[in-house]
Amino acid sequence: MTGRCNKVVLLVPTQGEIAGWVAPAGCETVICGVGCAAASAAVVSAVNLYRPDILILAGFAGAVRAEGAQVEMIDVGEVVAVKEERPADLGVVRDGKFSECFGVGYECPWLHLAAHLKAVDSRTVNASATPFARGGQIENMEGAGFMAAAAAFGVAYLEIRAISNFVGDWPADWKTKEASQALIEELSWLIPQLQNCEV
């Protein structure tokens with residue numbers, strides 16, 4: 001698709017991730033629920049109800065702890081853009097070993113619209129800190145479902161994540177207040193910029 005991003009739909013898994021958010025004109029905010037199924041269903045609903053020029057999924061994510069000198073560190077409180085999502089627990093378990101045998105992944109063709117942010121690979125899971133999940137710099141529960149549904153409709157999309165914790169941290173230790181503030185600040189700047197862009 002080509003055209004100006006006059007209509008933006010922002011999907012957020014929970015209200016707490018954007019507490020205090022005031023959407024700019026031309027932006028609809030939808031609390032989509034947690035998980036791939038909820039995110040996919042929200043995309044279907046949003047596309048039919050609002051006819052968006054671009055969809056944005058925004059919320060918290062956990063950073064995978066860096067291993068080795070070649071892995072770029074991502075800090076709690078940082079806001080990133082997702083360049084690729086992979087369902088990390090979609091596969092087969094046999095004799096206690098997991099095999100990711102389907103090779104499913106989704107890339108974001110519109111990443112240049114958030115070029116000011118660090119671009120990261122992400123893994124989508126159904127349970128945080130799933131022991132057999134591999135790869136990715138961050139972890140979340142909605143990204144793959146969101147990207148798959150948005151791509152199926154041919155709608156431009158972005159996924160923006162604020163890092164609230166490291167994968168494996170207990171939820172009571174997550175820095176949700178800091179992550180929410182950082183996410184709101186980024187969206188308050190990004191969305192008006194997108195409305196002056198073409199996709």
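Two strands pair if DSSP finds at least two bridges between them; strands (E, at least two residues) and helices (H or I, at least four residues) are DSSP runs, numbered from the N terminus. The model is predicted, so to speak of local features takes a pLDDT of at least 70, side-chain atom pairs count only at pLDDT 80 or more, and totals for chains, interfaces and linings use all residues. Residues are numbered from 1 along each chain as its sequence is written, and side-chain values use heavy atoms, with hydrogens and water left out.

| S2 (residues 27-31) | parallel | five | Glu28 |

S1 is mostly covered, with five of its five residues buried (under 20% relative accessible area; over 50% is exposed and in between is partly exposed, with a 1.4 Å probe and protein chains only). Val8, Leu10 and Val12 point one way, while Val9 and Leu11 point the other. In a regular strand the side chains alternate between the two faces of the sheet.

Now for the whole chain. It holds three helices and ten strands, in the order β-β-α-β-β-β-β-β-β-β-α-β-α. Of its 199 residues, 45% count as buried. Among contacts (heavy atoms within 4.5 Å) with a separation of 6 or more, 71% join residues 24 or more positions apart.
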